[in-house]
Amino acid sequence: MRYEEIREEIRAGTAARTLPAWAGRVLDDVAAGRSPVPAVRHPLGFVCLPVERSGDFGVCLHIWTPEVRPAPSTTSPVHCHSWDLVSFVLYGTVRNVRMDIDEAPGDTPGGAPAEEARQIFEVVSEGGVDELRATGRTVRCSPGRSSAHRTGESYTLPAGVFHTTLIEDGLDAATVALGRQTPGGGDLSLGPLGVPSHRVHRSRSDHADTVRALRRSARRIAAAHPRAAAGPGERPSTDPQRRRRSARR
């Protein structure tokens, strides 16, 4: 499935019937080495499988799991995208906390205390390298409106909205994440004052850890969507009656 197909399933309200089985097959193929899609440790704490990159559109599976150590972060979890996000929660509870951003003009009276002030970094990614460019722009942030999204639900997040994402009710969650690039925007992250521009190389986790994480995720999908998802290691049914029923969805 590609961006437009997945987006239409979410729009039509049929994603819970179709996306779990598709995601389970993607995980199964990557874990078994049948797919070239990499499993990359993302600095925001999840394993990212970039399934599609096509012009302004992208599809990823995001997996939060205790099987893989989080990649170290040089900034903070507070960030904003240059693309509009649409996500479907395969399992777990994902909470997005929007952040209220105010300018913090240095040491002027009434400015933000040093411990609250943050610097904005522009994140420019190419290949497996993130270049974090210190902009010198200082802001302060505070938690604003938040929303929780549970298994089988979808949510949207416009480009340019600073937020942080939390996983509730345990360490496990996974989403199908769709991104559509918007003109004029940038990927931004808030980080400590005084940190200069720098580069971060994204890395893959240990192969055995990755396989365990993907198979664990496939089991979670199967448990959360028993009528829709294929279990770990299973292939789509060869029953022609079942295939015809699926084709009519």
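In this predicted model, seven strands come together in an open sheet, and reading across it gives the order β9-β5-β11-β3-β2-β1-β14, with antiparallel pairing. The two edge positions are taken by β9 (154-157) and β14 (203-204); each has a single partner strand, so one side of each is left without a neighbour in the sheet. As background, strands of a sheet pair through backbone hydrogen bonds, and the pairing can be parallel or antiparallel.

Two of the pairings can be followed along the chain. Strand β3 (residues 57-64) runs antiparallel to strand β11 (residues 173-181), and eight bridges link them. Within this pairing, Gly-58 is found opposite Gly-179 of β11. Helix α1 packs on the sheet, where it touches β2 (47-54), β3, β5 (83-91), β9 and β11, and its direction makes about 115 degrees with that of β11. Helix α3 (residues 207-224) also packs on the sheet; the strands it touches are β2, β3, β5 and β11, and its direction makes about 75 degrees with that of β5.

Attention now turns to the helices. Helix α1 (residues 3-12) packs against helix α2 (residues 15-31) at an angle of about 145 degrees, and their axes are 8 Å apart. On the α1 side the contact is made by Ile-6, Glu-9 and Ile-10, and on the α2 side by Ala-15, Thr-18, Leu-19 and Trp-22. Sorted by class, this contact of α1 with α2 has five nonpolar residues, one polar residue and one charged residue. Helix α2 also contains Gly-24, which has 5% relative accessibility and counts as buried. Gly-24 and Ala-228 are 204 residues apart in sequence, but the distance between their C-alpha atoms in space is 9.7 Å.

Another residue to look up in the structure is Glu-52, which belongs to strand β2. Is this residue buried or exposed? Glu-52 has a relative accessibility of 8%, and because buried means under 20%, Glu-52 counts as buried. Its side chain is joined to that of Arg-2 by a polar contact of 3.2 Å. Leaving aside residues up to four places away in sequence, Glu-52 touches Arg-2, Tyr-3, Phe-57, Gly-58 and Val-59.

Two of these neighbours, Tyr-3 and Phe-57, also meet each other. The count of aromatic pairs in the model comes to two. One of them is formed by Tyr-3 and Phe-57, a tilted pair with 4.6 Å from centre to centre and 50 degrees between the planes. Tyr-3 lies in helix α1 and Phe-57 in strand β3, so this pair ties together parts that are 54 residues apart in sequence. As for accessibility, Tyr-3 is buried, with a relative accessible area of 7%, while Phe-57, at 29% relative accessibility, counts as partly exposed.

Methods:
Residues are numbered from 1 along each chain as its sequence is written. This is a predicted model: local features need pLDDT of at least 70, side-chain atom pairs count only at pLDDT 80 or more; totals for chains, interfaces and linings use all residues. Side-chain values use heavy atoms; hydrogens and water are left out. Axes are lines fitted to C-alpha atoms, for helices over the stretch in contact, and angles run from 0 to 180 degrees between N-to-C directions. Helices (H or I, at least four residues) and strands (E, at least two) are DSSP runs, numbered from the N terminus. Contact means heavy atoms within 4.5 Å. Ala, Val, Leu, Ile, Met, Phe, Trp, Tyr, Cys and Pro count as nonpolar, Asp, Glu, Lys and Arg as charged, and the others, Gly among them, as polar. Two strands pair if DSSP finds at least two bridges between them. Buried means under 20% relative accessible area, exposed over 50%, partly exposed in between (1.4 Å probe, protein chains only). A polar contact is a pair of N or O atoms within 3.5 Å; within protein, one must be able to donate a hydrogen and the other to accept it, and residues adjacent in sequence count only if both atoms are side-chain atoms. Rings of Phe, Tyr and Trp (its six-membered ring) pair if their centres lie within 6.5 Å; planes under 30 degrees apart count as stacked, over 60 as edge-to-face and the rest as tilted.
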